[in-house]
Amino acid sequence: MLASVFITFLVLHAPVESADAQSRVAPQARGRNLPGPQIHANDARKQAIFDEIAALERRAADERAARRDPGALEGQIEQKQTEWREIEFGVMRPFVPLIAERWSQTMARLRLDRDRSDAPLTTVEAGALIDELFYDWGQPEANDRQQTTILHQMHLVLREGDVTDDVRRALLGGLLEFHDGGGGYSSPSVARALATGLAVAAGPADAGAIELAYSLRDLSRAWDDELQYGAFRGAADDIMDRAFERHDLFAAVFGPLTADANDSGGRDGDRLRKAVERMFHLLPKARQSVERLDEMRAVALDDYRSVKAHDGLLQLLLHFYRHVLSDPLRGGADTDFVRAIDKHLAHLVEESPVALDETESAAHSSRQRGTLRTKSHWEAWTKATVALGPRASKSTRRLIADRAGSAKDPTIRAALDTARTALARAEGSPKTPG
């Protein structure tokens, strides 16, 4: 219960701007982000109290189970909860209404509280959102809470909105400016929020920002461990992990593709580079919409007149299929989403050559695009197909069984056999909801 209260406070009660409040943004505040040692001490105290409450609640449950009155223990729990709230909200009490009002006004001014699909965020609005990171309340805890909230909002804009590349780069630049001014080190929550924002803002070419994001991610976790702050990490860590999934899962694919684009040069190289970036930024959106999934597949299977490009983009698509089907954070993909992946995995089997063909000559590039022509392709296809589990359609199961019985190539036959066996084993399992 306390953890949910804490996270809600972090995320929802944030600041942004009124004409009167704007005058308080002193120029010297830009980039000013002094760490607040008391934040760290308070976090450790809150965690200790949380652990005491948890122990008392377990004892109270035992008393109820034994049909004894847990009244005394419940009184101690209430006392500890009051103590926790006083640490959490005591120094913040004068600031909470001010921060909430500022954030409410900023949300309304930038129209962040409504659907922006018809009018995406502009660079001017992005700049106004960045400015809020540098607002100085003159109190470390208040600054920490505001910064965490603004960073979370930037993450939401980048993850859920159809932002232009100019806006994305503006937000990325603001995040880097915030860090270079000393931001991101006042508490584990700010370090985590900045890492998350950088991860969703950075594209495949932003190596420095990606490296910084990983550094801050590791710092926030080590810091949490040092403070024994685990009780409040769950939801925020899930959000951070989701932000890093593109970098974690696909760096091995993006790197060679980007290098291939640079080697190609000219119009072909530029086109491939744009395809890589489009795939990269589609990843979080493609997991939420069949239409975006179709767009991602179209980008992956387009004709780039490069064998390496075709191989790499198909490999990336298959990695994504497997991940989104087995991702424990997602809780099960929607039925339409699973059906679309199932259909394409079956189509790949139908359209692929009867034997491996790992020739990399230009003459093969267009003809072989979108086919499972290499051992690596079949390995990635197998993992994605196995991830379908009990959700695999009967027609896909039949197709795989038929092809496994007639395949001549040993690598292809082994891949099909593995998928067939795994799906047969999963067929009697309860289907995942959705």
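Author: A nonpolar core is a set of buried Ala, Val, Leu, Ile, Met, Phe, Trp, Tyr and Cys residues joined through side-chain atoms within 4.5 Å, where buried means under 20% relative accessible area, computed with a 1.4 Å probe on protein chains only. This is a predicted model, in which local features need pLDDT of at least 70 and side-chain atom pairs count only at pLDDT 80 or more, while totals for chains, interfaces and linings use all residues. Residues are numbered from 1 along each chain as its sequence is written, and side-chain values use heavy atoms, with hydrogens and water left out.

The largest nonpolar core has 47 residues, and those touching the most other members are Leu318, Phe320, Tyr321, Leu345, Trp381 and Leu416. At least two residues of this core come from each of H12, H13 (290-301), H14 (307-326), H15 (335-351), H17 (375-388), H18 (394-406) and H19 (410-426), these helices being DSSP runs (H or I, at least four residues) numbered from the N terminus. H14 gives the most, with 10 residues.

To follow one member, Leu318 touches Leu345, Leu348, Leu372, His377, Ala380, Trp381 and Ala384, leaving aside residues up to four places away in sequence, and contact here means heavy atoms within 4.5 Å.

As for confidence, the mean pLDDT (the predictor's confidence in each residue, from 0 to 100) of the protein chain is 77, and 74% of its residues reach 70 or more. Over residues 1-36, however, the pLDDT is below 50, and where pLDDT is low, the predicted coordinates should not be read in detail.

Terms used:
Buried < 20%, exposed > 50% of the residue type's maximum accessible area, 1.4 Å probe, protein only.
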